[in-house]
Amino acid sequence: MANIKTEDEIIVFEREMKEFWTKLKSVYGTEQINKTLTLRDSCKESIKALSEKWSKRLKEGDVMLDKIRDYNNEILQQSQRISENQEHFREIKSEVNQKEEQKKDLTASIQEVKEELMKKKEIISSKNKANKERVERLCKSKVLFEERLGLEIRKIHNEQLQFIFRHIDHKDPDKPFMFTLSINEKGDYEVTSCTPPLDCIEEFQLKVRETNNFSAFVANIRKAFTALPYKQSA
């Protein structure tokens, strides 16, 4: 029943539409209707063209917006890289400044060491000069000692002088009594060996360091050697 009713309504609608177009044609005429339809079609085409144009513009706008976003992202990334590079540059600059300070400290330390070495070199040179002068004085005294004290002086290893006395022991005049003398790092006289040993050698050594009277020092040692045979016999 519902289907029959729907078909009847359709038939009635079609009949009413035909009647409407018939009345419309009688009122406006076929030519006017055709113009209206042509204008409608023209408007449709214009609207369609305009829609396509604006659709294209919108797509281009979307592309432009995407490019702007990409550009903004690139600018942001570049800004981050610049910020990182600036931080890295500050770190490098700080490290360079530290190296400069270390260089200054090292240069100052080297200068101090140079000055200290120069002072030590001057001291050593002065001591060497003084020692050389002492050895020269001792060598000049060699002849005197040999003639008066029966003394022989020999220069041995490590810049040491060996003093050999003879004619001390009457029973054996050629028997050697000797001591070896050097000048230590402080520039003082130092007896490194004594044959036969003397108990008083330390005392003589301290005294010559105080008085710098070398002739008396040698004479006192000879006297001590001379007293040994009598002490031994006693």
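**Close-up views of a predicted model**

**View 1. Thr 180 sits in strand β3, which covers residues 177–183.** This is a predicted model, where local features need pLDDT of at least 70 and side-chain atom pairs count only at pLDDT 80 or more, while totals for chains, interfaces and linings use all residues. Residues are numbered from 1 along each chain as its sequence is written, and side-chain values use heavy atoms, with hydrogens and water left out. Strands here are DSSP runs of E with at least two residues, helices are runs of H or I with at least four residues, and both are numbered from the N terminus. Thr 180 is buried, at a relative accessible area of 5%. (Buried means under 20% relative accessible area, exposed over 50% and partly exposed in between, using a 1.4 Å probe and protein chains only.) Look for the side chain of Ser 193, which makes a polar contact of 2.8 Å with the side chain of Thr 180. (A polar contact is a pair of N or O atoms within 3.5 Å; within protein, one must be able to donate a hydrogen and the other to accept it, and residues adjacent in sequence count only if both atoms are side-chain atoms.) Setting aside neighbours within four places in sequence, Thr 180 has contacts that include Ile 156, Leu 161, Val 191 and Ser 193. (Contact means heavy atoms within 4.5 Å.)

View 2. Leaving out residues up to four places away in sequence, Ser 182 touches Gln 160, Asp 188, Tyr 189, Glu 190 and Thr 192. Gln 160, Glu 190 and Thr 192 also turn up among the contacts of Thr 180.

**View 3. Arg 90 and Glu 87 pair up in a salt bridge, with their closest N and O atoms 2.6 Å apart.** (A salt bridge is a side-chain nitrogen of Lys or Arg within 4 Å of a carboxyl oxygen of Asp or Glu.) Both residues belong to helix α2 (residues 30–140), and because they are 3 residues apart there, about one helical turn separates them. Arg 90 is partly exposed at 46% relative accessible area, and Glu 87 is partly exposed at 36%.

**View 4. Here are two further salt bridges, one of them between Arg 154 and Glu 152 (2.8 Å, N to O).** Arg 154 counts as partly exposed at 37% relative accessibility, as does Glu 152 at 26%. The other one links Glu 159 to Lys 155, and their closest N and O atoms are 3.3 Å apart. Glu 159 and Lys 155 are both exposed. The whole structure has 4 salt bridges.

**View 5. A nonpolar patch on the surface brings together Phe 13, Met 17, Phe 20 and Trp 21.** Together these side chains' residues have about 410 Å² of accessible area, from the Shrake-Rupley method with a 1.4 Å probe; for residues, only the protein chains shown count as cover. (Patch residues have over 30% relative accessible area and no salt bridge; like charges are joined within 9 Å, and nonpolar side chains, meaning Val, Leu, Ile, Met, Phe, Trp and Tyr, within 5 Å.) Phe 13 lies in helix α1, residues 2–28.

**View 6. Zooming out, the chain has 5 helices and 4 strands.** Along the sequence they run α-α-α-β-β-β-β-α-α. The chain has 234 residues, and 17% of them count as buried.
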